[in-house]
Amino acid sequence: GKDPNPIGQTEGSKWQKPRLSRKSLMKCCLVKWIIASTTQQGPGKDSSDSDLELSMVRHQPEGLEQLQAQTQFTRKELQSLYRGFKNECPSGLVDEETFKTIYSQFFPQGDATTYAHFLFNAFDMDRNGSIRFEDFVLGLSVLLRGSVTEKLRWAFNLYDINKDGYITKEEMLAIMTSIYDMMGRCTLPSVRDDSPFEHVEKFFQKMDRNRDGVVTIDEFIETCQKDESIMASMQLFENVI
Amino acid sequence: MATGVAAWLPFARAAAIGWMPVANCPMPVAPRDNSKRQDELIILNVSGRRFQTWRTTLDRYPDTLLGSSEKDFFYNEETKEYFFDRDPDAFRSILNFYRTGKLHYPRHECISAYDEELTFFGIIPEIIGDCCYEEYKDRKRENLERLQDDQEENKDMKLPNMNFRETMWRAFENPHTSTMALVFYYVTGFFIAISVITNVVETVPCGSTANQKDMPCGERYTVAFFCMDTACVMIFTVEYLLRLFAAPSRYRFMRSVMSIIDVVAILPYYIGLVMTNNEDVSGAFVTLRVFRVFRIFKFSRHSQGLRILGYTLKSCASELGFLLFSLTMAIIIFATVMFYAEKGSSSSKFTSIPASFWYTIVTMTTLGYGDMVPKTIAGKIFGSICSLSGVLVIALPVPVIVSNFSRIYHQNQRADKRRAQKKARLARIRIAKSGSASAFLLSKRNGVLNELLELKGTDEDEQKLTRSTCLIESQHHHLLHCLEKTTAHEFVDEQMYEQNCLETALQTFPSRSPTISSHDSSVGTCCGCRIKRNTPLPNASTPSTHPIPTHQGPLQELSAIHIQCADPPSQTTTRSNLNLKTDDSSRINCKGGRITTAIISLPTPPALTPDGDGLHGPPQRRPPPAPGLPAAPSIQTTTSSASTNIVKVSAL
């Protein structure tokens with residue numbers, strides 16, 4: 001006669017008597033700990049294998065002729081660039097941490113890691129987490145031997161963090177903040193908290209012609225070509241190599 | 001700047017193009033690279049073995065012999081190679097340093113030969129890599145100790161001009177130096193032995209007379225023993241006073257352990273002389289006599305082994321203390337257990353827990369006197385557990401602890417060494433960083449001077465100054481300068497920054513620092529810097545034209561700065577990372593260091609008179625062609641502060 005589960009219906013889910021099944025056993029933390037401590041060898045072995053793998057990864061660059069064709073460097077320049085590169089990174093690849101360390105050493109007073117991160121992404125064109133010699137030398141070719149338009153395009157690519165073709169205020173603010181971070185604390189005048197923001201505002205005032213809140217590549221190139229000091233400074237590092 | 005990173009400088013400079021569209025000011029001119037040499041192979045002939053490397057590899061370290069023009073002295077015109085008459089094996093590691101940036105110490109190499117090679121090639125040993133640094137330091141220390149031992153042996157030869165006091169002290173410390181000292185040494189040893197034997201014998205019962213029971217010899221032959229004691233104490237007193245007289249530092253001597261032992265050994269006698277034979281104090285007097293046994297410790301001057309044992313115990317004190325502590329714990333546990341186990345039995349000797357301590361100790365050390373024995377079954381069970389655990393607790397760990405002592409002791413020493421080395425390393429890295437930062441600031445001021453000289457048109461002076469900074473340094477500084485222009489802020493060093501903060505916090509008049517107040521718009525700033533350079537600021541009283549120091553105005557002698565600009569920064573700047581010397585000439589403004597709340601109290605560097613007021617430009621300054629002379633006082637003042645800095649930082 002009596003309704004077997006008067007409460008169950010109102011609650012919606014029945015309380016089940018726990019059964020000692022394998023599934024429920026595995027949920028016990030003690031069991032999990034025992035299993036984990038006894039099978040510790042397994043993961044250890046795997047990680048050592050993967051260590052072995054990683055240490056053998058190395059990258060061989062494309063041939064000298066191909067690089068000569070792709071970039072504007074002479075043969076000798078490519079040779080000396082590669083020697084320097086390979087000396088610093090014997091495996092042929094630069095990962096982001098190494099890159100940040102190297103770049104930070106040029107700016108001892110501030111913190112260059114954020115800007116180094118953006119720079120790394122600008123060089124690592126295929127987004128695989130490491131810079132190969134080809135990325136390195138292609139980037140350098142644009143920066144040192146490219147035309148002004150190409151250089152401006154590269155700069156635009158640097159500022160455009162998500163590579164969608166538009167520079168938003170947030171992206172520019174991130175870049176600007178990272179540049180100001182490189183100055184460090186001891187500057188004259190002191191870097192105020194809104195200094196990057198003001199700088200970004202000025203930048204957008206100059207570059208954003210149609211006031212739509214983003215800067216496109218054409219606006220950027222056009223505005224820069226009209227500004228004499230920017231054009232002059234673009235030629236500054238012609239003779240670096 | 002760190003070592004191998006020079007190879008990445010062209011990359012960092014190229015990447016600086018990313019700042020250009022963002023900057024609102026024109027960028028400074030890049031330094032000219034006059035040497036348009038293509039990279040070429042250099043042949044280094046070291047005693048017949050030829051090494052070849054690229055020229056740029058050697059140029060990485062311009063402070064060393066191979067990286068600078070000093071190697072031109074070794075150039076052999078006929079064979080077109082550089083010939084060095086040195087050890088080719090040692091040269092391998094030196095050349096590897098240029099190639100890899102890390103200096104290694106080959107273990108088979110003799111330490112002094114290696115040091116000589118490093119000194120010849122101008123490489124500082126501190127940059128030896130972590131992998132080899134400890135070994136290098138250990139070997140060096142051993143060598144030094146050996147040299148010191150040799151020196152000490154040589155020192156034992158009598159120096160001609162030692163006064164009587166010094167001779168006596170040396171005689172006391174090293175008995176084998178003269179016959180007198182040897183005699184003295186043996187005499188005191190003899191009397192120490194006599195004194196100890198006397199103390200022992202006077203308690204022996206010496207034959208009984210008819211009507212009295214056995215009494216100790218000391219009471220029977222009181223006079224004889226008293227005379228012996230007096231004689232010994234007199235000798236000891238004389239010895240102590242002589243040592244006190246001869247000691248080079250009396251205060252230190254009085255604090256030393258041996259002198260305390262001496263005092264404790266002879267004091268009971270004098271106290272006994274002074275005190276009367278009062279009943280109350282005689283008990284205390286008897287206690288004092290116990291201290292006479294300390295005379296035996298005077299033997300440690302005569303025995304090297306005793307001293308070593310004492311030193312070992314002292315150094316292992318913490319381990320011994322831990323052993324004692326764990327034993328105490330076990331004793332308390334077992335004593336408590338035995339007490340409660342034996343509580344039930346009648347006529348039990350275990351009257352209290354402290355009384356059970358004695359049983360526990362005797363059982364655990366497996367002595368087993370048998371004066372206290374458990375009677376209940378539970379007591380016997382726990383008693384047997386106690387004796388078994390006693391074997392384990394005492395017998396097993398002792399050898400382990402003994403070997404632990406030596407292991408932990410050496411490990412601690414190594415850990416301390418590593419800690420000190422790490423501190424020194426971090427300090428060195430910090431100095432290198434700050435060195436490069438301050439090198440940049442210094443070169444900025446020099447840049448100003450350069451521009452003014454260009455205006456003046458004296459080519460010679462300009463050459464003298466520009467030649468001094470090497471190309472890589474100037475390129476690096478140019479890069480930092482571009483960053484300053486992009487963000488429209490300038491790098492300053494720590495002291496100036498704090499000063500500036502203090503000023504802006506405490507002072508409010510606008511006329512204070514016009515350049516600060518005009519920093520509302522970042523455009524105005526950087527261009528304003530350039531323009532305002534040539535206008536006299538209201539608070540500036542001297543012909544300095546650099547914007548940074550003028551902010552300080554009346555606080556410092558700005559004339560110091562223009563002298564400082566005149567001194568050639570090359571030696572200190574470029575050696576800053578290798579030489580542990582900070583380029584402290586940039587700190588000349590803030591020699592006082594700490595900023596106090598009274599702004600006025602910054603001490604100014606002495607001996608530099610300002611060259612008149614107003615802005616008169618370079619002609620009023622002391623002519624740079626002789627920068628050494630007027631700059632000398634400034635260098636001296638800075639090196640004094642620099643040297644104090646060095647001492648603090650590089651103390652291992």
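Visitor: Where is His477(B) placed?

Guide: His477(B) lies in helix α19 (residues 471–487) of chain B. Helices here are DSSP runs of H or I, at least four residues; strands are runs of E, at least two; both are numbered from the N terminus.

Visitor: Why does His477(B) count as buried?

Guide: Buried means under 20% relative accessible area, exposed over 50%, partly exposed in between, with a 1.4 Å probe and protein chains only. His477(B) has 8% relative accessibility, so it counts as buried.

Visitor: Which residues is His477(B) in contact with?

Guide: Contact means heavy atoms within 4.5 Å. Leaving aside neighbours within four places in sequence, His477(B) contacts Ser436(B), Ala439(B), Phe440(B) and Ser443(B).

Visitor: What are the ground rules for the model?

Guide: This is a predicted model: local features need pLDDT of at least 70, side-chain atom pairs count only at pLDDT 80 or more, and totals for chains, interfaces and linings use all residues. Residues are numbered from 1 along each chain as its sequence is written, chains are lettered from A and ligands numbered from 1 in the order written, and side-chain values use heavy atoms, without hydrogens and water.

Visitor: What makes a set of residues a nonpolar core?

Guide: The members are buried Ala, Val, Leu, Ile, Met, Phe, Trp, Tyr and Cys residues, joined through side-chain atoms within 4.5 Å. The largest such core has 75 residues. Tyr103(A), Phe107(A), Phe220(A) and Trp19(B) have the most contacts inside it. Phe107(A) touches Ala112(A), Met182(A), Trp19(B), Leu479(B), Leu480(B) and Leu483(B), not counting residues up to four places away in sequence. A second, separate core has 27 residues, including Phe51(B) and Tyr136(B).

Visitor: What makes two rings an aromatic pair, and how many are there?

Guide: Rings of Phe, Tyr and Trp (its six-membered ring) pair if their centres lie within 6.5 Å; planes under 30 degrees apart are stacked, over 60 edge-to-face, the rest tilted. Take Phe123(A) and Trp154(A): 5.7 Å centre to centre, 70° between the planes, an edge-to-face pair. Phe123(A) is in helix α8 (residues 113–123) of chain A and Trp154(A) in helix α10 (residues 148–159) of chain A, 31 residues apart. Phe123(A) is buried, at a relative accessible area of 0%. Trp154(A) is buried too, at 8%.

Visitor: How do you know that a charge sits over a ring?

Guide: NZ of Lys or CZ of Arg must be within 6 Å of the ring centre and within 35 degrees of the ring normal. Lys298(B) has its charged end over the ring of Phe236(B), 4.7 Å from the centre. Lys169(A) lies over the face of Phe204(A), at 5.5 Å from the ring centre.

Visitor: Where in chain B is confidence lowest, and where highest?

Guide: pLDDT is the predictor's confidence in each residue, from 0 to 100. Helix α27 (residues 628–650) of chain B is lowest, at a mean of 35. Helix α15 (residues 353–364) of chain B is highest, at 93. The mean for chain B is 71, and 64% of its residues reach 70 or more. Over residues 510–652 of chain B, pLDDT stays under 50. Where pLDDT is low, the predicted coordinates should not be read in detail.

Visitor: How many helices and strands does chain A have?

Guide: Chain A has 14 helices and five strands. Buried residues are 37% of its 241 residues.
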